[in-house]
Amino acid sequence: MESFPPAFLAPLNQNYVTVHALSAGSLTLPEHLFMQPSVGGASNTVPSLAFLIQHYDTKTSKLERILFDLGLRKDLKQYPVPLQEYLESRQPLITEPDVSDSLAAGGLKPDDIDYVILSHVHWDHVGMPSDFKSSQFIVGSGSLALLELGRNPLPAESNSYFEADLLPVEMTTELPGVHQVTDAEKRGLFSDVRWKKLGTLPNVIDVFSDGSLYLVDSPGHLDGHLNLLARLGPRKLLYLAGDACHDRRIMRGELEIGMWKNLHGEQCCVHVDKEATLKTIELIARLEKMGVEVVLAHDSEWLNEEGNKKRFWPGKM
Ligand SMILES: [Zn+2]
């Protein structure tokens, strides 16, 4: 095992966050679209995990709550019609409990959530934003352009239908791209939105400017794809990997990312940029070797571990 690099070690006065897993629905992924080699016709019903992050500022006595992803929409009929048709290929789908139900299990309401950060804007991560009337939404660079586009110009079988009106304009912040020159601006919880290097990670944003939570640029799956790195304790770091990887066997190098041909004979991949995804996966796998806990959005291996059941809200990671 590689050792914890100094950049990841916490100073004595370090502040921490608590992270709580939330059930936010399940969907079924045909194996050949995500990994290879795969057995013909095999599919896996996997969770779409969401997370509650709580940050307590000892100086201001302010408690802030963030959701990372919103999972599936409880009422599938609330998705756009083309997406509803596509969802037939993802059955069985489980939409209860949704993220709001899971918050309620620990006595919280959507109104208690200050910020919603979306790892990316695919249907199985965006839930029902209109439930979160008082929350501010944070998305990665390029996400708003995708939403406006409505449909990603990708090959036919893609899951990329986007809703132009998904997020409330006045409550949504899109982060700058990693190469975009930005001044340090005060925007909601970010006192500084400039990307910087942290240990082996080339581009992170220190969310609370106290090293307790970092947004991590994790390119490859979809424009604006974001991960989170959370400090839970002096040598306890948690990395939420979203859809950077769909199966731990790929991260371990046992399987490769799936490629397939569509009806027009075009090569397709579930990631818009496979090469960038491979680099992102390599960085994540390295963190795991250093002792950072990694959880994928669709992590059925993690979910099936008995000990993780108690890490769902109101329990904690
Ligand atoms: Zn997904």
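## The zinc site

Which residues coordinate the zinc ion? In this predicted model, the ligands are Asp 124 (OD), His 125 (NE2), Asp 243 (OD) and His 298 (NE2). The zinc ion is coordinated by them at 2.1 to 2.2 Å. Along the chain, the donors follow the spacing D-H-x117-D-x54-H. One pair among them links distant parts of the chain: Asp 243 and His 298, 55 residues apart. Asp 243 sits in the loop between strand E14 (236-240) and helix H5 (248-251). His 298 sits in the loop between strand E18 (293-295) and helix H7 (300-304). Both Asp 243 and His 298 are buried.

Why is the arrangement around the zinc ion irregular? The 4 donor atoms subtend angles of 85 to 164°. Four donors count as tetrahedral if all angles lie between 85 and 135 degrees.

## Cavities

How many cavities of 30 Å³ or more does the count give? The count comes to 3.

Which residues line the second largest cavity? The lining is made up of Leu 29, Phe 34, Met 35, Asn 44, Val 46, His 246, Asp 247 and Ser 300. By class, this lining has 4 nonpolar, 3 polar and 1 charged residues.

## The loop between E3 and E4

Pro 37 lies in the loop between strand E3 (35-36) and strand E4 (43-47). A cis peptide bond joins Gln 36 to Pro 37, with omega at about -5°. Is Pro 37 buried or exposed? Its relative accessibility is 66%, so Pro 37 counts as exposed. Pro 37 and Pro 11 are 26 residues apart in sequence. In space, their C-alpha atoms are 45 Å apart.

Val 39 is found in the loop between E3 and E4. Val 39 counts as exposed because its relative accessibility is 61%. From C-alpha to C-alpha, Val 39 and Pro 234 are 43 Å apart in space. In sequence, Val 39 and Pro 234 are 195 residues apart.

Pro 314 lies in the segment after H7. What is the form of the peptide bond from Trp 313 to Pro 314? The bond is cis, and omega is near 10°.

## Positive phi angles

Asp 69 is not a glycine, although its phi is positive, at about 75°. Where is Asp 69 found? Its place is the loop between strand E6 (62-68) and helix H1 (81-87). Asp 69 has a relative accessible area of 1%, so this residue is buried.

Ser 209 is a residue other than glycine with a positive phi, near 55°. Ser 209 lies in the loop between E11 and strand E12 (213-217). At 40% relative accessibility, Ser 209 counts as partly exposed.

## Asn 203 in strand E11

Strand E11 covers residues 201-206 and contains Asn 203. Is Asn 203 buried or exposed? Its relative accessibility is 19%. Buried means under 20% relative accessible area. Asn 203 therefore counts as buried.

What does Asn 203 touch, beyond residues up to four places away in sequence? Its contacts are Val 178, Trp 195, Lys 196, Leu 215, Val 216 and Asp 217.

Gly 142 lies in the loop between strand E8 (136-139) and helix H4 (143-149). Leaving aside neighbours within four places in sequence, Gly 142 is in contact with Glu 174 and Asp 223.

Gly 142 and Gly 265 are 123 residues apart along the chain. Their C-alpha atoms are separated by 28 Å.

Notes:
Residues are numbered from 1 along each chain as its sequence is written. This is a predicted model: local features need pLDDT of at least 70, side-chain atom pairs count only at pLDDT 80 or more; totals for chains, interfaces and linings use all residues. Side-chain values use heavy atoms; hydrogens and water are left out. On a 1 Å grid over the protein atoms alone, a cavity is a set of points where a 1.4 Å probe fits but cannot get out, and a pocket is an open set with protein on both sides within 12 Å along at least five of seven lines; lining residues have an atom within 4 Å of a point. Grid points are joined across faces, edges and corners, and a volume is the space filled by probe spheres set on the points. Ala, Val, Leu, Ile, Met, Phe, Trp, Tyr, Cys and Pro count as nonpolar, Asp, Glu, Lys and Arg as charged, and the others, Gly among them, as polar. Donors are N, O and S atoms within 2.8 Å of the metal (3.2 Å for Na, K and Ca); water is not among the atoms, so sites may look incomplete. Four donors count as tetrahedral if all angles lie between 85 and 135 degrees; four count as square planar and six as octahedral if opposite donors are over 155 degrees apart and all others between 65 and 115; anything else is irregular. Helices (H or I, at least four residues) and strands (E, at least two) are DSSP runs, numbered from the N terminus. Buried means under 20% relative accessible area, exposed over 50%, partly exposed in between (1.4 Å probe, protein chains only). Contact means heavy atoms within 4.5 Å.
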